[in-house]
Amino acid sequence: MTADAVQTGRSIGLLRRTYRRSPPAIIGGGLLLVLAVAAVAAPWLTPYAPETMDFNAPLAGPSASHPFGTDNFGRDVLSRVLHGYRVSLAVAIGSVAMALVVAIPLGLVAGYYQRWLDNVIMRPMDVIMAFPAIVLVVAMAGFFGQGLVLMMLALAIVYVPIIVRVMRGAALGVAGELFVEGARARGASDLRIMVRHVLPNAITPVFVQASVLMGIAILLEAALSFIGLGVEPPTPSLGLMLAEGRSFMGRAPWLVIAPGLAIVLAVLGFNLLGNGLPALSGPRRGR
Amino acid sequence: MSLLDVRGLTTEFRTEQGWRPAVSDVSFTLDPGEILGLVGESGCGKSTAAYSVMKLLGANARIAAGEAWLGGENLLAMDDNALRKLRGDRLSMIFQDPATALDPAITVGEQVMETVREHLGLDRRAARARALELFRQVGISDPERRLSAYPHQFSGGMAQRIALAIAISCNPEMLIADEPTTALDVTIQAQILRLIKTLLVTERRSAVLLITHDLGVVAQICDRVAVMYAGRIVEVGDVRSVFADPLHPYTRALLDALPTHEVARGALATIEGRVPGLTDRPSGCSFHPRCPHARPVCATELPPRVRPSPGREVSCVLHTADG
């Protein structure tokens with residue numbers, strides 16, 4: 001066997017072991033991978049650009065040349081769904097990434113130091129959390145204006161307190177463990193204890209939450225675009241497609257079924273991944 | 001001169017009725033190369049006393065009074081950063097449950113290396129070499145491979161050896177061992193105790209403060225013993241004479257409660273009553289409600305500390321001149 005073949009064999013073995021430990025993580029992760037690849041490779045997967053109109057074939061049903069049919073402007077629905085995924089996934093990953101960068105340090109510090117720092121950090125979080133997410137996002141969309149990055153920012157602000165809470169709770173639990181006392185008895189500094197000992201042992205629920213929040217981000221993006229506060233036409237967005245396709249639902253149901261199904265698959269992928277993650281981080285703890 | 005000199009240590013815990021002492025006016029000394037056993041029942045304050053010396057107390061505890069001199073420095077008056085540099089270096093510690101005292105997410109090798117890099121300023125290579133050497137010293141076979149294992153891959157005895165390797169990594173002057181063998185099998189217990197004695201006392205002339213509720217452990221390796229009850233040291237002396245001739249009624253009762261081969265079939269001796277909690281400490285001598293020799297004065301006045309013979313100390317009216 002060549003070195004490459006050995007490497008491949010190892011990778012397959014690892015994948016199989018991972019699947020045995022946590023089927024949902026692999027199924028969800030695999031699904032997301034397929035969707036992400038399809039979104040990135042969209043220009044090569046369909047011969048039509050998402051904005052190209054074909055007035056000879058408006059509202060054409062699914063066929064070999066247009067697997068999901070065309071919309072009222074004769075645009076290819078498959079192409080628009082795949083390009084819509086680009087927006088959805090960008091919003092999902094971007095918003096959660098921004099939120100994580102801010103929320104992990106805050107939650108870690110609040111959970112580790114407790115007492116007054118905990119209050120200083122957590123009370124403002126409670127204030128943000130007091131507003132329903134959709135209301136906050138709509139208000140911020142009105143305040144910041146529209147656009148991809150602004151939408152990510154609005155979602156990130158909604159997400160920060162949610163992640164801070166999860167991080168704080170997990171850090172609080174780990175901070176009480178004997179090995180943290182042990183690290184302190186060995187002369188480790190607070191910063192070192194937090195980063196090296198508390199964080200790795202407390203991060204799993206944060207990743208689970210992050211995965212679920214990415215799914216929710218896709219729904220929120222669709223909702224915002226649906227009501228006209230998200231991405232502006234003609235950029236393809238799943239929510240926008242639902243809004244536009246609504247009027248033709250009777251004659252051309254594929255206009256709403258395709259983006260609807262696309263949303264379901266992406267959210268399902270994130271939720272499965274979130275469900276499967278804890279099982280993967282378990283064995284190292286050994287208990 | 002003593003290595004460690006603790007004087008009048010009082011540590012309080014926050015309770016619903018305010019701050020209450022868990023450790024009251026505790027004084028003891030520890031010489032280089034000496035093993036002092038700190039014994040008592042659960043909740044008597046023996047662990048709190050030891051943790052106070054390293055100032056490893058939670059937010060619900062405070063040191064209300066006392067000094068702890070290590071060399072020319074009072075540990076209790078040191079700022080946090082200076083004390084942090086001492087911990088793991090000149091003062092180190094091992095815990096009761098070695099499995100949970102090690103970080104489950106990091107390899108044991110990393111944990112040993114972390115300590116020597118922090119205190120000895122070694123680079124990765126040198127730290128790794130030091131870790132290997134330490135693993136060999138504590139009797140871990142195949143140390144090269146074991147360095148990259150995680151704590152859950154070790155048995156309790158092995159994990160305690162690793163904890164000990166970390167504790168001795170910077171050649172500490174003193175080790176605090178908090179019930180180091182309580183969670184282990186009896187056969188492993190003896191091995192760990194022997195290892196502590198060899199590595200700390202014989203090879204390094206370090207002092208060991210051994211916290212235990214097991215008088216058998218004290219008999220096995222301690223030079224001196226301090227008996228604690230309800231936050232106070234009631235008796236101190238060298239192990240041989242305390243075991244042969246316990247002066248305090250509590251010490252006597254503890255020794256009487258040890259199971260022996262002769263009475264293996266009979267009921268085990270017990271001490272009547274229970275250890276008072278933080279908020280219901282009796283007045284006077286804390287032990288008087290359970291003491292068979294209690295007198296009226298015991299309920300009202302703290303017993304005086306007397307020295308009946310060199311090296312022995314007891315807090316009980318029975319041993320005063322007019323007792």
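Entry 1, the contact between chains. I began with the two chains and found that 21 residues of chain A are in contact with 24 residues of chain B. I note at the outset that this is a predicted model. On the chain A side, helix H8 (178–185) and helix H9 (190–202) of chain A each supply at least two residues to the side that touches chain B. I then looked up which element gives the most, and it is H8(A), with seven residues. I also sorted that side of chain A by class: six residues are nonpolar, seven are polar and eight are charged.

Entry 2, the sheet of chain B. I turned to chain B and traced an open sheet of eight strands, with mixed pairing, in the order E6-E7-E8-E3-E9-E10-E12-E11. I recorded strand E6 (91–94) and strand E11 (305–306) of chain B as the edge strands, since each pairs on one side only. Against this sheet I found H8(B), which packs on it and touches E3, E7 and E8 of chain B. The direction of H8(B) makes about 150 degrees with that of E8(B).

I looked up the pairing of E8(B) with strand E3 (residues 35–39) of chain B and found it parallel, over five bridges. Within this pairing, B:Ile35 has B:Val208 as its bridge partner, and B:Leu36 stands opposite B:Leu209. I then examined strand E7 (residues 174–178) of chain B, which also pairs with E8(B) in the parallel sense over five bridges. Here B:Ile176 stands opposite B:Leu209.

Are the residues of strand E8 (residues 207–212) of chain B buried or exposed? I found the strand mostly covered, with six of its six residues buried. I next asked which residues point which way from E8(B). B:Ala207, B:Leu209 and B:Ile211 point one way, while B:Val208, B:Leu210 and B:Thr212 point the other way. I set beside this the general rule that side chains in a regular strand alternate between the two faces of the sheet. In E8(B), the residues pointing either way are all buried.

How values were computed
Residues are numbered from 1 along each chain as its sequence is written. Chains are lettered from A and ligands numbered from 1 in the order in which they are written. This is a predicted model: local features need pLDDT of at least 70, side-chain atom pairs count only at pLDDT 80 or more; totals for chains, interfaces and linings use all residues. A residue is buried if 20 or more other C-beta atoms lie within 10 Å of its own, exposed if 12 or fewer, and partly exposed in between; C-beta atoms are placed from the backbone. Helices (H or I, at least four residues) and strands (E, at least two) are DSSP runs, numbered from the N terminus. Two strands pair if DSSP finds at least two bridges between them. Two residues are in contact if their C-beta atoms, placed from the backbone, lie within 7 Å. Axes are lines fitted to C-alpha atoms, for helices over the stretch in contact, and angles run from 0 to 180 degrees between N-to-C directions. Ala, Val, Leu, Ile, Met, Phe, Trp, Tyr, Cys and Pro count as nonpolar, Asp, Glu, Lys and Arg as charged, and the others, Gly among them, as polar.
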